[in-house]
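We will go from stop to stop, and at each one you will hear what to select.

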Amino acid sequence: MNAQIWHGHATRSAAVLVGCTALVLGLTGTGAAQAGGRDLGREVLAAGDGWASQGAGTTGGSAADAAHVYTVTTWAEFRQALADGGSAPKIIKVKGMIDAVSEGCAAFAAEGYDFQRYLADYDPAVWGHDTPVSGPQEDLRAASAAHQDKAIKANVPANTTIVGLGKGSGILGGSLQIKGVDNVILRNLTVEAPVDCFPQWDPTDDNKTGAWNSEYDGVVVYGSTHVWIDHNTLTDGRYPDSSLPSYFGKVYQQHDGLLDVVRGANHVTVSWNSFEDHDKTMLIGNSDSAGADDTGKLKVTLHHNRFEGIVERAPRVRFGQVDSYNNHFVVTKDQNFGYVFGIGASSQLYATHNALSSAPGVSVGKALKKWNEAPLTAEHNFVNGKLTDLIAVHNAEIPGEVLQSGAGWTPTLRTKVDNPRAVPGIVDHRAGAGRLR
């Protein structure tokens with residue numbers, strides 16, 4: 001086996017990762033995941049705080065009894081705690097950084113998979129660009145990927161709160177799947193994006209120049225409702241895209257999204273998080289053809305989040321009524337910057353009172369990217385401390401992609417809206433894991 005190894009060099013079977021059933025979970029009663037003496041596990045989303053406060057609001061596992069409060073220190077313990085008690089209210093406290101891929105990529109590789117053989121078999125000089133790859137090594141790559149998929153995904157049930165204990169707690173290389181459930185809270189966690197050990201080469205992609213395609217988001221909200229994601233740090237961490245090699249002249253892409261909200265998900269609030277050093281940061285709606293699932297849903301609020309070192313999708317929106325206010329976007333000169341807000345199919349983006357800190361020479365017009373005809377509201381936003389009409393600047397700089405103003409709705413579920421001039425100072429000091437007050 002010759003899998004690309006990013007998380008260590010152990011070669012024991014992936015079954016070691018997923019087959020442990022004799023687990024000792026720390027039942028901690030109502031012991032505190034503390035921030036200033038507060039028990040974060042018992043806290044709920046405040047009334048009026050974004051779309052996740054709609055209707056019955058979001059309470060997560062705050063009503064958990066003592067038998068359903070856990071402290072976990074390993075990935076196996078974490079997944080067992082998620083499974084215990086079904087959808088009964090539960091609080092899971094993550095202590096330290098727990099690693100979903102502690103055995104290394106080689107632990108997932110199917111017998112006979114050889115990455116160097118894969119490269120030789122599907123070299124464009126041999127395979128060409130007309131048909132997708134197929135054959136023994138592609139089959140073994142897919143089998144290896146299936147092993148990783150089974151090992152690193154963690155399904156979060158309804159009525160669950162997951163919180164990091166103190167500073168420096170979270171998840172390395174795991175994918176949190178909030179899928180088809182209601183009432184979930186994630187707080188005070190550092191989430192290092194999963195690294196796909198087995199990306200697929202698609203020679204037909206990118207106008208038949210080929211591309212490496214990867215799987216696994218850090219957090220996925222799929223068809224779920226009432227989800228609050230607050231004071232987390234989501235990042236590529238130890239494995240930035242700049243560290244990835246290239247094959248066939250294309251970056252061996254091993255990351256997908258940090259946080260995606262898709263397939264009929266609804267009533268989500270994303271607040272006070274730090275999104276760092278990532279390319280495809282956040283999708284709200286993942287397909288132009290998903291209107292049957294997404295129309296009238298994908299209602300998401302983003303406020304007081306910090307984005308730095310991101311390339312694109314902060315977020316890219318399809319269909320949803322997305323409210324983005326008081327966020328701080330930091331764009332540096334050496335950053336491979338694409339855009340902030342992606343305007344997609346039938347999106348209804350309402351983006352106001354945000355701050356963009358941009359290095360000299362960075363195109364302000366690229367703050368917006370038009371993918372489809374969909375009017376938006378973008379008012380009272382500041383760029384480098386100056387009030388800026390983002391739509392007007394975009395239309396002047398990129399006349400081939402003229403955007404229309406007017407999202408057609410006005411948010412009502414907002415907490416205090418800070419002066420956008422003050423947003424960089426407020427958000428930079430308070431957003432992210434370990435900064436709850």
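Start by selecting Cys105 and Cys197: both cysteines are buried, meaning under 20% relative accessible area with a 1.4 Å probe and protein chains only, where over 50% would be exposed and in between partly exposed. They form a disulfide with their sulfur atoms 2.0 Å apart; the cut-off for such a pair of cysteine sulfur atoms is within 2.5 Å. With that rule, the count is 1 disulfide. Cys105 is in the loop between strand E6 (97-99) and H3, while Cys197 is in the loop between strand E12 (190-192) and strand E13 (200-202), so the pair ties together parts 92 residues apart in sequence. Helices (H or I, at least four residues) and strands (E, at least two) are DSSP runs, numbered from the N terminus.

A word on the model before moving on: it is predicted, so local features need pLDDT of at least 70 and side-chain atom pairs count only at pLDDT 80 or more, while totals for chains, interfaces and linings use all residues. Residues are numbered from 1 along each chain as its sequence is written, and side-chain values use heavy atoms, with hydrogens and water left out.

Next, select Phe115 and Tyr247. How are these two rings arranged? Their centres are 5.2 Å apart and their planes at 75°, so the pair is edge-to-face. Rings of Phe, Tyr and Trp (its six-membered ring) pair if their centres lie within 6.5 Å, with planes under 30 degrees apart counted as stacked, over 60 as edge-to-face and the rest as tilted. The model has 21 aromatic pairs.

On a 1 Å grid over the protein atoms alone, a cavity is a set of points where a 1.4 Å probe fits but cannot get out, a pocket is an open set with protein on both sides within 12 Å along at least five of seven lines, and lining residues have an atom within 4 Å of a point. Select Phe329, Phe341, Asn354 and Asn381, which are among the residues lining the largest cavity. That cavity holds about 80 Å³ of space, and E34 gives the largest share of its lining, 3 residues.

Finish at the largest pocket, with about 840 Å³ of space. Select Asn213, Ser214, Glu215, Asp256 and Lys280, which lie nearest its centre among 32 lining residues.

Definitions and conventions. Points joined across faces, edges and corners; volume = space filled by probe spheres on them.
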